[in-house]
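Please read it beside the coordinates.

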Amino acid sequence: MFARATFRLSQPARQSFRKYSTEAPAKSNTLQNIAIAVGAIGVGTGVYRYTQSKPVVAEEIKERAKVFTGGDQGFVDLKLSDIEILSHNTKRYRFEFEDKEAVSGLHVASALLTKYAPPEGKPILRPYTPVSDEDTPGYLDLIVKRYPDGPMSSHLDSMNVGQRLDFKGPFPKYPWEANKHTHIALIAGGTGIAPMYQLIRAIFKNPDDKTKVTLVYGNVSEEDILLKKELQHLENTYPQRFKAFYLLDKPPKEWIGGKGFVTKELLKTVLPEPKEENVKVFVCGPPGMYKAISGGKNGPFDQGELAGYLKELGYDKEQVYKF
């Protein structure tokens with residue numbers, strides 16, 4: 001299934017992959033800014049009012065209710081409030097909370113379990129990682145690709161605004177904290193980008209987190225690249241800390257990225273080397289991708305043995321996490 005990819009890189013480009021550096025923090029001069037402000041206001045009465053004004057008190061951070069609390073909470077049904085068509089087989093679904101000020105209660109990295117009970121047969125259960133920010137109040141967003149033999153994705157595809165779906169969670173995945181790793185590599189295929197984006201978003205929204213990130217993202221066609229605008233924005237904003245490499249199985253003529261499936265040669269070229277200190281590789285995609293790159297999982301709580309390209313390249317089991 002995983003054919004040889006065409007991904008030609010110049011020698012300078014190869015060398016640049018590992019030459020990340022942390023951006024210098026923006027400099028500020030508080031005294032100079034105050035002096036300019038006072039100069040604009042003038043002396044006399046203006047200065048008197050400035051010196052006599054009350055001290056500014058930081059606004060108290062509002063503690064928001066959490067929709068999902070885990071444990072024995074059970075399923076919570078949410079109403080579908082909006083549908084956005086992303087491609088011929090992929091949609092973004094927005095589910096709203098009853099409390100518009102509440103947040104989901106998810107953490108990084110965690111997922112939710114969805115449930116649909118058909119008129120006949122057993123309930124259908126499927127885990128999904130929302131792509132909306134965990135701190136966003138009022139709703140959560142899922143990006144789901146419809147598969148012909150996927151009962152939950154087919155059900156979601158048939159849903160209309162106003163209908164409801166059961167959710168339960170959060171279910172913890174990989175416990176993340178700022179600077180837990182110096183450099184992480186994310187290898188994703190299709191909608192496997194969702195948990196990767198959860199990690200990416202958490203890292204770059206935190207000014208104290210200096211983790212370097214390399215993303216390898218494979219898809220069938222260009223329209224299948226999900227969250228591309230958001231990923232490109234982050235790459236442009238943090239060019240020395242975030243690198244993204246896209247591969248297409250069926251690229252257009254003008255495509256300048258990688259062609260074919262992820263190969264061992266590509267991973268050896270763009271990923272941090274296994275001997276680098278404190279690196280972690282994450283994998284998420286279809287079964288064929290797991291088999292070729294890392295070997296599959298034995299279950300939700302059993303990572304299974306490391307196999308595939310990553311083992312051949314010298315990574316050990318502790319360096320790899322399979323979503």
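Does Tyr217 count as buried or exposed, and at what relative accessibility? At 0% relative accessibility, Tyr217 counts as buried; the term means under 20% relative accessible area, with exposed over 50% and partly exposed in between (1.4 Å probe, protein chains only).

1. Basis of the note. This is a predicted model, in which local features need pLDDT of at least 70 and side-chain atom pairs count only at pLDDT 80 or more, while totals for chains, interfaces and linings use all residues. Residues are numbered from 1 along each chain as its sequence is written, and side-chain values use heavy atoms, with hydrogens and water left out.

2. Overall composition. The chain has 9 helices and 12 strands, taken as DSSP runs numbered from the N terminus (helices: H or I, at least four residues; strands: E, at least two). Of its 323 residues, 46% count as buried. Among contacts between residues at least 6 apart in sequence, 73% join residues at least 24 apart; a contact means heavy atoms within 4.5 Å.

3. The open sheet. Six strands form an open sheet with parallel pairing, in the order S10-S9-S8-S7-S11-S12. Two strands pair if DSSP finds at least two bridges between them. The edges are strand S10 (258-259) and strand S12 (320-322), each of which pairs on one side only.

4. Strand S11 and its neighbours. Strand S11 (residues 279-284) pairs with S12 in the parallel sense over 3 bridges. Val281 stands opposite Val320 of S12, and Val283 stands opposite Lys322 of S12. S7 and S11 also run parallel and are joined by 6 bridges; here Leu186 has Phe282 of S11 as its bridge partner. Because 6 of the 6 residues of S11 are buried, the strand is largely enclosed by the rest of the structure.

5. Helix H5 in detail. The end C-alpha atoms of H5 are 18 Å apart, which agrees with the 18 Å that its 13 residues should span at 1.5 Å a residue; the expected span is 1.5 Å times one less than the number of residues. Since 12 of the 13 residues are buried, H5 is largely enclosed by the rest of the structure. Among the buried residues are Tyr197, Gln198, Arg201 and Phe204. Their cover includes strand S3 (110-116), S7, S8, H6, S9 and S11.

6. Aromatic pairs. Rings of Phe, Tyr and Trp (its six-membered ring) pair if their centres lie within 6.5 Å; planes under 30 degrees apart count as stacked, over 60 as edge-to-face and the rest as tilted. By this rule the count comes to 10 aromatic pairs. Phe95 and Phe167 form an edge-to-face pair, 5.0 Å centre to centre with 70° between the planes. The pair links distant parts of the chain, with Phe95 in strand S2 (residues 90-96) and Phe167 in strand S6 (residues 164-172), 72 residues apart. Phe95 and Phe167 are both buried.

7. Tyr217 and Tyr246. The ring centres of Tyr217 and Tyr246 are 6.4 Å apart and the planes lie at 55°, so the pair is tilted. Tyr217 belongs to strand S8 (residues 212-219) and Tyr246 to strand S9 (residues 242-248), 29 residues apart. Tyr246 counts as buried at 10% relative accessibility.

8. Ring cluster and charge contact. Ring pairs link Tyr174, Phe282, Tyr321 and Phe323 into a cluster. Elsewhere, the charged end of Lys115 sits over the ring of Phe75, 4.3 Å from its centre. The criterion is NZ of Lys or CZ of Arg within 6 Å of the ring centre and within 35 degrees of the ring normal.

9. A buried loop residue. Asn89 is found in the loop between strand S1 (76-85) and S2. With a relative accessible area of 14%, Asn89 is buried. Not counting residues up to four places away in sequence, Asn89 touches Val144, Lys145, Arg146 and Asp224.
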